[in-house]
Amino acid sequence: MAQIAGKRFIGLLLVLVLIGCYTGYELLLKPTLNGSTLIDNPTGRDITVTIDQTPYVVPARSFLRIALADGLHSIRCEALGLPQQELNLELTSYGVINPSRAKYVIYNTIYTKKNLSSRYKPYAVEGREVYSLLGEPEVTNALFIPDRTLGRGNLDVAAPSVRNYQQVNQDYAYLTRIFRLPDFFEYCNQHNL
């Protein structure tokens, strides 16, 4: 009888701990994740993107911040020839919706006060040589590009704060960012990459 009561107590205690962890996430951690979902329009004309029968007008060369729940959605954009199709936000709802299927670059930007140029390696990105300390830049034209930075390096963050960079060692910190392809090349020119 004492063993059954002990097992029930442990089971109840485990359930309370799980509820406490979930509540802590919802109340403390989740509000600090300031990511967003962006419909991006790098084209030279306004477009209307319809997601789950809701139309969103996105001005030329800009983006629109929207709220979408995790899961499956439907999307279409007649102006760009995007027929109705599935938009999957199962793993995260933060990121860039790319109805134009334009090219974007995911790149690890570096913050350092030291000269680390000898440690950078050359990579080819769309026929151009660029340099990176932390691996090859990723080029994608996916319909949805997840924001791996929880809102710290998405398109809507033009100049990320140094506090958002992840410290690797005493030499440098990094931040993974999403760039439109032309903006990435401009960033490389500005930083001699």
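# Contacts, strands and rings in a predicted model

User: Which residues does Y123 touch, not counting residues up to four places away in sequence?

Analyst: In this predicted model, Y123 is placed in strand β9, which covers residues 121-125. With residues up to four places away in sequence set aside, the residues that Y123 touches are R128, E129, V130, S132, G135, E136 and P137.

User: How many Å apart in space are Y123 and P137, C-alpha to C-alpha?

Analyst: P137 is among the residues that Y123 touches. The two are 14 residues apart in sequence, and their C-alpha to C-alpha distance is 7.7 Å.

User: What is the average pLDDT of the protein chain?

Analyst: A score of at least 70 is reached by 76% of the residues, whereas over residues 25-33 the pLDDT is below 50, and that stretch has eight contacts in the model beyond near neighbours in sequence. Where pLDDT is low, the predicted coordinates should not be read in detail. Taken over the protein chain, the average pLDDT is 82.

User: Of the contacts in the protein chain with a separation of 6 or more, what share is accounted for by residues 24 or more positions apart?

Analyst: The protein chain has two helices and 14 strands, and of its 193 residues 39% are buried. Among contacts with a separation of 6 or more, the share that comes from residues 24 or more positions apart is 61%.

User: Why is strand β1 largely enclosed by the rest of the structure?

Analyst: From β1, the residues T37, I39 and N41 point one way, while L38 and D40 point the other way, and all are buried. In general, the side chains of a regular strand alternate between the two faces of the sheet. Strand β1 spans residues 37-41, and it is largely enclosed by the rest of the structure because the number of its five residues that are buried is five.

User: Which residue in β4 does I39 stand opposite?

Analyst: Strand β4 takes in residues 62-66, and it runs antiparallel to β1, with five bridges joining the two. Within this pairing, the residue of β4 opposite I39 is L64.

User: Which residue in β12 does I97 stand opposite?

Analyst: Strands β7 and β12 are joined by three bridges and run antiparallel. Across this pairing, the residue of β12 that stands opposite I97 is F144.

User: Which strands stand at the edges, each with a single partner strand?

Analyst: The four strands form an open sheet with mixed pairing, in the order β4-β1-β7-β12. Averaged over the sheet and with direction ignored, neighbouring strands are turned by 25° against each other. Each edge strand has a single partner, so one side of it is left without a neighbour in the sheet, and the edge strands are β4 and β12.

User: How many disulfides does the structure hold?

Analyst: C77 counts as buried because its relative accessibility is 0%, and C188 is buried as well, with a relative accessible area of 1%. A disulfide is a covalent bond between the sulfur atoms of two cysteines. The number of disulfides that the structure holds is zero.

User: How many Å apart in space are C188 and V130, C-alpha to C-alpha?

Analyst: C188 lies in helix α2, which consists of residues 181-190. Once neighbours within four places in sequence are left aside, C188 is in contact with R128, V130 and L193. C188 and V130 are 58 residues apart in sequence, and C-alpha to C-alpha the distance is 7.1 Å.

User: Is Y187 buried or exposed?

Analyst: Y187 belongs to helix α2, and it touches Y107, T109, R177, F179 and L193 when residues up to four places away in sequence are not counted. Of these, T109 is 78 residues from Y187 along the chain, with the C-alpha atoms separated by 9.7 Å. The relative accessible area of Y187 is 11%, which lies under the cut-off of 20%, so Y187 is buried.

User: Which residues do ring pairs link into a cluster?

Analyst: The structure holds five aromatic pairs. One of them joins F184 and F185 in a tilted arrangement, at 5.8 Å centre to centre and with 50° between the planes, and both F184 and F185 are buried. The residues linked into a cluster by ring pairs are Y107, F179, F184, F185 and Y187.

Key: Residues are numbered from 1 along each chain as its sequence is written. This is a predicted model: local features need pLDDT of at least 70, side-chain atom pairs count only at pLDDT 80 or more; totals for chains, interfaces and linings use all residues. Side-chain values use heavy atoms; hydrogens and water are left out. Buried means under 20% relative accessible area, exposed over 50%, partly exposed in between (1.4 Å probe, protein chains only). Two strands pair if DSSP finds at least two bridges between them. Axes are lines fitted to C-alpha atoms, for helices over the stretch in contact, and angles run from 0 to 180 degrees between N-to-C directions. A disulfide is a pair of cysteine sulfur atoms within 2.5 Å. pLDDT is the predictor's confidence in each residue, from 0 to 100. Contact means heavy atoms within 4.5 Å. Rings of Phe, Tyr and Trp (its six-membered ring) pair if their centres lie within 6.5 Å; planes under 30 degrees apart count as stacked, over 60 as edge-to-face and the rest as tilted.
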